[in-house]
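Reader: I would like to learn how to read a structure such as this one, step by step. Could you begin with the general idea and then turn to the case at hand?

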Amino acid sequence: MKDVVSDLGAVKIHKEVIAAIASIAVAETDGAIKLKNDLKSSLAEFLGKKDYPGIAVVFDKGNRVRLEIRINVKYGYHIPDIAAKVQENIRSSIEKMTDLNLTDINVNIQGIERG
């Protein structure tokens, strides 16, 4: 969790919130496809825990955030362009909503899907 301290107290932002924002940003990127829930993710959601497959959020010692994103790309799209757009969308969404500093947004292309 990331703590933001103000005069009134602390605000804690959980990793799942950051993963949710990143997941929405990926879904809003034309040409990018979020990974679908696997059996583990489906079971976790059934038990009440929201899971974001393909998204890992890591806080380092300086409370900086690193993201590992796994996605598929629609067939016919330029892969480096889609990866860069995903990075830009995630960075702008997370910085706008949380004021967190992202050190890395690593995008790993897992496959190609027909649109």
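Author: Let us start with contact, which means heavy atoms within 4.5 Å. Leaving out residues up to four places away in sequence, S93 touches I21 and A25. This is a predicted model, in which local features need pLDDT of at least 70 and side-chain atom pairs count only at pLDDT 80 or more, while totals for chains, interfaces and linings use all residues. Residues are numbered from 1 along each chain as its sequence is written, and side-chain values use heavy atoms, with hydrogens and water left out.

Reader: Why does S93 count as buried?

Author: Buried means under 20% relative accessible area, exposed over 50%, and partly exposed in between, using a 1.4 Å probe and protein chains only. S93 counts as buried because its relative accessibility is 17%. Of the 115 residues in the protein chain, 37% are buried.

Reader: In which helix is S93 found, and how many helices and strands are there in the protein chain?

Author: Helices (H or I, at least four residues) and strands (E, at least two) are DSSP runs, numbered from the N terminus. S93 is found in helix α3, and the protein chain has three helices and six strands, following the pattern β-β-α-β-α-β-β-α-β along the sequence.

Reader: Which residues of α3 are buried, and which are exposed?

Author: The buried residues in α3 are I82, A83, V86, I90, S93, I94 and T98. They are on the same side of α3 because they cover an arc of only 105° around the axis, where the arc is that of the directions from the helix axis to the C-beta atoms. On the other side of α3, P80, E88 and K96 are exposed. The cover over the buried residues of α3 includes β2 (9-13), α1, β3 (32-34), β5 and β6.

Reader: How many residues does the largest nonpolar core have?

Author: In soluble globular proteins, nonpolar side chains tend to be buried together. A nonpolar core is a set of buried Ala, Val, Leu, Ile, Met, Phe, Trp, Tyr and Cys residues joined through side-chain atoms within 4.5 Å. Here the largest one has 27 residues, and those with the most contacts inside it are I18, L67, I69, I71 and I90. At least two residues of this core come from each of α1 (15-27), β4 (55-59), β5 (65-74), α3 (79-98) and β6 (102-113), and α1 gives the most, with seven residues. Apart from neighbours within four places in sequence, L67 is in contact with residues including I18, A22, I90 and I94.
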